[in-house]
Amino acid sequence: MTSTQDRHLGAPGTAPRPPDPPPLAGDAARGGEGATASHLFDQAERGAWTLVWLGVLGSGLGAWSTWTESSTMSVLAPLIALAGTVGLVACWLVRTPRGRRFQWLTLAAVVVSVVATQYGPIHTRRYYTTDAAALDHVATLALVHGHNPYTTSMAGAGSLLDVPARFWTYTATGGFVHDVSYPAGSFLVYALAPLLGFHHQFVDWVDLGAWLVTGVLVFAALPRRLRWLAALLVLTPLFVGIFGSGGTDAPFLPFLVLAVWRWDRYGGPRRDGLARWSGPVALGVACAIKQMPWFCVPFLVAGVVLEARRRGRRPVRLGVRYLATVAAVFAVLNLPFALAAPGPWWHGSLTPLVQPLVADGQGLVTLATQGIVSGVDLTVLSACGALVFLAVLCAFVAGYPRTKRVWLLLVPLAMFASARSLSSYLVDLVPAALVAALTVAGAGGRPPPGGLGSLVASLGAAVRTPWRRWAAAGCALSAVGAVVAAVVAFTSVPLAVAVRSVHTGPAGSRFYAVTVTVDNHTGSPQVPHVLVDMGSHPSGFWLPRHGPLLAVPPHGRRTYTLSPPTVTYTALRGAGWVVQAYTADPRALSTSAVQVGTRPPPQP
């Protein structure tokens, strides 16, 4: 083997190899073959910040069209567009894109541009666009006036929605959610707004503000070379659209970001600073606002235990202390309401988990809601989601520490496989996942050798350690169980639904009624609660014009002629629609074959 000197000078007896010529300035500037790695990284960062400023410019152009909603935009929109144009140039003229002044000025421009694009729509909006926002509005006002939201009627929420039937969250029993359905933090976070005099759409404003705070926290948490990621995240239309128009998950995001920031330093020495104790406090606040952060608790507790074990500290003691802190913070915010009305509080806090809600979302359940299959048992599909969650948790433990950077990106897999897989459930955790992946110990290094294949191999090798063996076995069994549950769920449909005729108004533009036959495959009477899905949120349950909705006898058939609860237009020509029938026991969805619309498109 040759020495280092030999490798540079050549093998013994040969002439020394001349050194490589230095890269030409022109090559470095052009990013050619002679450019050094530092030049390439510099150019890549400048290109990334260019995309950020392009987003600012695009926001300014978009805000220009809102001048009819606010005359302020007539001045502000051109200024934002000008700032975006100047920023595009500045990306390539500043000495370094990692300068504090350049980066924070860019973030300020991003925040202003987002507020500008959302100001007009929120300012002129007369109604909320989700029932969650309307319910939070009424609950917050009840709290401000000294009433317990869990025991106060939420009937006023209907007046805050344009057509209430198009926004309610429906249940498989034929009703809809009309009470507070989250922990107390869900309305505590909004309480300051009406106290300060904000009354118009204050839920939307607080949600948007929470999203911007989240972006600032992500920006501050990331290394300077990657802060452009946070700026692009804040500008992402998906998040701005959700949290600027009724997406009430935004308030827990800042706390979840703090909870996962350097989470593996919990219980460490003083040099780890705030991260050695702040995680469980922030997580407790996040859990007190919505249920989504609850799914992160087992991972973080397990991670704290595993990290303590690796570092030779007391793993069980640290894990218990972490969990106790989360529970204590959660209790501080919720205990007054739980003691005042235990039943309503329990019912409201657990509604999304225990109420028989109808299927919804963009996950696996769409096979049934969109008529690809004839239906699904929602209880069994929920069990499938729980098994996927358990499989991911076991994989996290068995593959640790390789999995410490990716676990938060895997949690939504459980939502994807459950009966309700709303788009927000699938993307809410991304900002926190970004912070978790880039701030844990070792995050600055390269991914483990071998990538995903190496991770799978490491799970297979886990049998060498007893506790990893149990975790790997749990992962495998849970994954198999999830597949079996999915198959059972989609093959255990209690009803068969068939559309017999459609009754429409003049020119076929409006639904008057639909006639369906329903066959009962179970041994007990079933009352089908019928919705019609035409690609948007259903407008309520369809009912007979006269008389009650009779049950279908065991192993029998019944024909219904059902009318819509509100004015409902027929589907456009070529567009698909389905009839959905829900049963409470079993909690299941049965779907008709896809029907095709015949209404001609409107004339220009």
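1. Let's start with the strands: strand 4 and strand 5 (residues 511-520) pair in the antiparallel sense, with nine bridges between them. Two strands are said to pair if DSSP finds at least two bridges between them. Helices (H or I, at least four residues) and strands (E, at least two) are DSSP runs, numbered from the N terminus. Within this pair, Val499 stands opposite Val516 in strand 5.

2. A word on the model before going further: it is predicted, so local features need pLDDT of at least 70 and side-chain atom pairs count only at pLDDT 80 or more, while totals for chains, interfaces and linings use all residues. Residues are numbered from 1 along each chain as its sequence is written, and side-chain values use heavy atoms, with hydrogens and water left out.

3. Back to the sheet: three strands make up an open, antiparallel arrangement in the order 4-5-7. Strand 4 (495-504) and strand 7 (557-562) are its edge strands, each pairing on one side only.

4. Now have a look at Ser113, which sits in helix 5 (residues 100-124). Ser113 has a relative accessible area of 0% and is therefore buried; buried means under 20% relative accessible area, exposed over 50%, and partly exposed in between (1.4 Å probe, protein chains only). Beyond its neighbours within four places in sequence, Ser113 is in contact with Val56, Ser59, Ile80 and Leu235, where contact means heavy atoms within 4.5 Å.

5. Another serine to check is Ser424, in helix 22 (residues 423-427). Ser424 counts as buried because its relative accessibility is 14%. Ser424 and Phe239 are 185 residues apart in sequence, with their C-alpha atoms 8.9 Å apart in space.
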